[in-house]
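Colleague: Could you pick one part of this model and give me a close look at it? After that, I'd like to see how the parts around the rest of the chain are put together.

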Amino acid sequence: MGFPQVISNTLCFAISVLLLLSSQNSIFQFANSASLITVDQEALLSFKSLITDPSNTLSSWNQNNLSSACNWTGVNCGMINNNQQQRVLRVVGLDLEGLGLSGTLSPYLGNLSFLQSLHLPNNKFSGTLPNQIGKLSGLRRLNMSNNNIQGQIPPDISKCLDLVVLDLMGNQVSGFIPPELGQSLSKLQVLKLNQNRISGTIPPSIGNISSLTTLDLGTNSIGGPIPDDLGRLQNLKELRLSINNLTGTIPPSLYNLSSLVYFALPSNRLWGEIPSDIGEKLPKLIEFNFCINKFTGGIPGSLHNLTNIQIIRMADNLLEGSVPPGLENLRSLRMYNIGYNRIEGSLNFVASFSNSPHLEFLALDGNLFEGVIPESIGFNLSAKSLTKLYLGGNRLNGKIPTSIGRLTNLALLNLSHNSISGEIPPEISQLENLQMLGLAGNKISGEIPSSLGSLRKLNKLELFGNELVGSIPNSLGNFQGLLSMDLSRNRLSGSIPRQVLSGLSTLTLLNLSRNSLNGPLPPEISNMENLVTIDISHNSLSGSIPDSIDECESLEELFMAGNSFSGRIPSTLGSVKGLETLDLSSNQLSGPIPNELQNLQALQFLNLSFNNLEGKLPTNGVFRNLSRVHVQGNSKLCVSSSSWVCRRKKSFATRVIVPIVIASITFCILVGLFVCIFLMYRRKVAPGGMVRNKKGKDDEELFKGKHQMVSYEELRAGTENFEEKNLIGSGSFGSVYKGTIWGGIGVAVKVLNLGQVGASKSFFAECEALRNVRHRNLVKLITSCSSVDSRTNSEFRALVYELLSNGSLEDWIRGRRRTRSSDDDEEDAVVLIMNGMERLNVAIDVASALDYLHHDCEAPVVHCDIKPSNVILDEDMTAKVGDFGLARTLMLNQLSTTTSTYGLKGSIGYIPPEYGLGGKVSTRGDVYSYGVMLLEMFTGRSPTHQDFNGGLSLVKWVESAYPTNIMQVLDPQMLHYHDHHDHLDQHVNKEKEEEECWVSIMGIGLSCTVDSAEARITIREALHKLKTLRDSNNLGGLTS
């Protein structure tokens, strides 16, 4: 064998050895990869074991398919360098977006050591984020948005140092934002924690993440100020802190973030002025949203120089001035919303929007704009793009321009609550895409155009509060999807068209009240099976109520009061299971009350008063609580089995003989009573006409016989032995318990503390004051009890009143009225706040009661203790005055000379100054107490508040702010309640006019509380002023 051959064989052998070694190394690496991928597979199978897969999308994930997890649905793999610098195959991504998966996240996800992307949005995952996620050191993207993740953000997430995207949007994450995020995640670019339940404050450390381009913390409960540190985020393009509880001013450093494209801070409690040069400092802005805050100053004109801006939103603030020039520069504008501010001037600037062909949304409502709507508006605004136009709640007058018919893409047109006159132009019928038409609260006259019926897409029609005449057009029945139609408070006449009721099967609200409609209610009402509310009250409708009304199976509220309906109440109403309110009062209905009404378990309010009903009142269902039932004005109706009406139709003996006997006895009693009263009067009145002090026994005898008495045992049983859980109040003269008597009638029992000086006099004073007074705003005294307490064998006296369910006015003012389910803790309950209109209504109710006592009783009655704790509210928030323990009945010719029988009359803080100087009790004293209470209602401050000392009183405090700074003394809770406005809500908050209303109310209070009794206005004058104020057109915002 030659030398060349040896060389050749040697080379072949060497090559073979090298190939073998290489093959063994590859086999080793493959085996190592297979071993490591198995670890990932096991982690994924553990993840799957805790979730539910409704679509079986993860069927490939199973023990029988272990060839490679890289082939499983949603799993991405890649070659990764391990710790030995070897290339191995590992799971690097998990993408299961939108598969409807539910369950919890397995902690074994932490074993996916080389995972770079965990993408699980739009599923139903619940539970908490496992701490083991912090083990994923290579994780770059974590997206769990739109799931049901709960609990806190694990601080260990800060160990994922390569994290670029952290998106937990749309979950139920709670707790604080871990400050560690800003201390460790230096590569983070996107942080989205919006739409969760996060509280606390924004950690200043977030300002350390210089790489951040998107920060969205909106729709949480984050409070405190915005950290100035955020101004260091020089790469930030999107900043959204919407719908939180942020306070204070915006740090000036934020206005230097020249990279900002989206700047949204709506629905917070931020204040201060928006810099006039904001458009110069933030030149890249596309969206600017500062809605629903407390910003002041004017609209920055520099915003109108941003040619690329698309959205400008500054609604619901305190901005003033006029609209600055430059709108013609906004060629990319899609939304311009400056509603509910104090912007004034004419609408001539609307012409500048002719250069904004993409404008979709224009809201100028709730401001102080005056003048006419420009006739050219239909030419200035984009007919192709504009979908929503809000001009309501201003001071606009003139006619609706016909050119508005050119805006054929409009879906919403709101011109409500202005002073627009003239007729509805038929051109509106050209708005074929219109879904909402609001023309309410104007001075529009003429007839409703029949052409409106061509608006087939309309779902809401509001024409209430105008001067429309004529009949309701049949064409209104053409609306195919109408949900709400309100034509109330006009001058419409004629009958309700059958065609309208037949065609509006989708309607949920129908309000035709306070017109002059006549004729019957058509039986076609039965076609409206989706109706929730029907209000046809205060018309001249007649005939019977259709039996088929039970086919309105969705009905919850039915108002038919103030008409001429006759016949019987249809028993079929008992089949309307969801009915909550039924008002058939002031009609001519006859016959018995149907027992079927007892089946209405949802019924909360039933008013059948002032009809011709007869028979016995049912006893079950809503009739168990007579505070929810109103049946007065039905003379033939018996309310209890013991009443004369119930017993009169018996045998001949009971129908004829018994009445004769009773009449004879009654005559004798009346003669005797007349003699007794005459003698008592002569004993009580001195020759000079002065009223002598009554003896306790005289008072007691005078009171007995006027009411059906109740025994001590009945009261003890009805209050569960005066159990403390039934205690609803206490005062200087006794305690008040809730209970039941006479088969379930709910009552409030005032048990007198006879050991207290003056308690007995209080008892008789209350009996004397209430025995001959009847008024809807006075607490009704049902009966009394004068007996012996079997527990202590001592004298017992109690007064029994109607039970009112909504607590005292004091509870509402002090924030003690809360609503919560039976399972909620007290601290979880929501505090109920009275809005301005509710407070005004209460003030009118109390003034009405005092006006009756002072001016309409045979002898004027002075209450002597008007204060919020003595004003009780019933189910529908009607106020009633109670606690007449200090009341005095005055002889007509002795108003100025009647003296107090013991001590100062009234409660500290409400006592008029003349009483403290020994002055006589008078109706003017009640006026003073009422005025203090009126100021307290609207300021939320008690006259005994700790701040009122050293000569400062509630009255002087209000005087110091009246009238220019009146907003500073108003109840902040009430004002906060009024702060939130929704453009879809047609109640209008006319800021300027609303402030004038506050000034007027407080002025009435101050007129009642002047030091000189003679200089005070009377309660009748106060009542007239308050009613005039309520009936004006300036109170839209007080009901928000």
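Modeller: Let's start with a term: a polar contact is a pair of N or O atoms within 3.5 Å; within protein, one must be able to donate a hydrogen and the other to accept it, and residues adjacent in sequence count only if both atoms are side-chain atoms. Our close-up is N171, whose side chain reaches the backbone oxygen of M169 at 3.2 Å. Keep in mind that this is a predicted model: local features need pLDDT of at least 70, side-chain atom pairs count only at pLDDT 80 or more, and totals for chains, interfaces and linings use all residues. Residues are numbered from 1 along each chain as its sequence is written, and side-chain values use heavy atoms, with hydrogens and water left out.

So where does N171 sit? Look in the loop between β8 (165-167) and β9 (174-175). (Helices, H or I with at least four residues, and strands, E with at least two, are DSSP runs numbered from the N terminus.) N171 counts as buried because its relative accessibility is 7%; buried means under 20% relative accessible area, exposed over 50%, and partly exposed in between, with a 1.4 Å probe and protein chains only. If you skip its neighbours within four places in sequence, N171 still has contacts (heavy atoms within 4.5 Å) with the run M144, S145, N146, N147, N148 and I149, plus Q195 and N196.

L96 lies in the loop between β3 and β4 (102-104), and it is buried because its relative accessible area is 0%. Find H119 as well: in sequence it is 23 residues from L96, but in space their C-alphas are 6.4 Å apart.

S429 belongs to the loop between β28 (412-414) and β29 (436-438). It counts as buried because its relative accessibility is 19%. A polar atom of the S429 side chain lies 2.5 Å from the backbone oxygen of P426. Leaving out residues up to four places away in sequence, S429 touches S451, L452, S454 and L455.

Let's zoom out to the whole chain. It has 18 helices and 55 strands, and buried residues make up 50% of its 1040 residues. Of the contacts with a separation of 6 or more, 57% are between residues 24 or more positions apart.

What about the insides? A nonpolar core is a set of buried Ala, Val, Leu, Ile, Met, Phe, Trp, Tyr and Cys residues joined through side-chain atoms within 4.5 Å. The largest one here has 171 residues, and L94, F263, Y336 and L389 have the most contacts inside it. The elements giving two or more residues to this core are α1 (3-49), β3 (87-95) and α5 (498-503), and α1 gives the most, with five residues. Click on L389 and, past its neighbours within four places, you'll find it in contact with L362, I377, L381, I404, L407, L410, L412, L413 and N414. There is also a second, separate core of 61 residues, which includes A879, M933, L954 and I1019.

Next, a sheet. Two strands pair if DSSP finds at least two bridges between them. Seven strands make an open sheet with parallel pairing, and the order is β32-β34-β36-β38-β40-β42-β44. At the edges are β32 (493-494) and β44 (636-638), each of which pairs on one side only. Follow β34 (residues 516-519): two bridges join it to β36 (residues 540-543), with the strands running parallel, and G519 stands opposite L541 in β36. β34 also pairs with β32, again in the parallel sense and over two bridges, and there S493 stands opposite S516 of β34.

Last stop, helix α12. It is mostly covered, with 17 of its 21 residues buried. At its start, a side-chain oxygen of N835 reaches to within 3.1 Å of the backbone nitrogen of M837.
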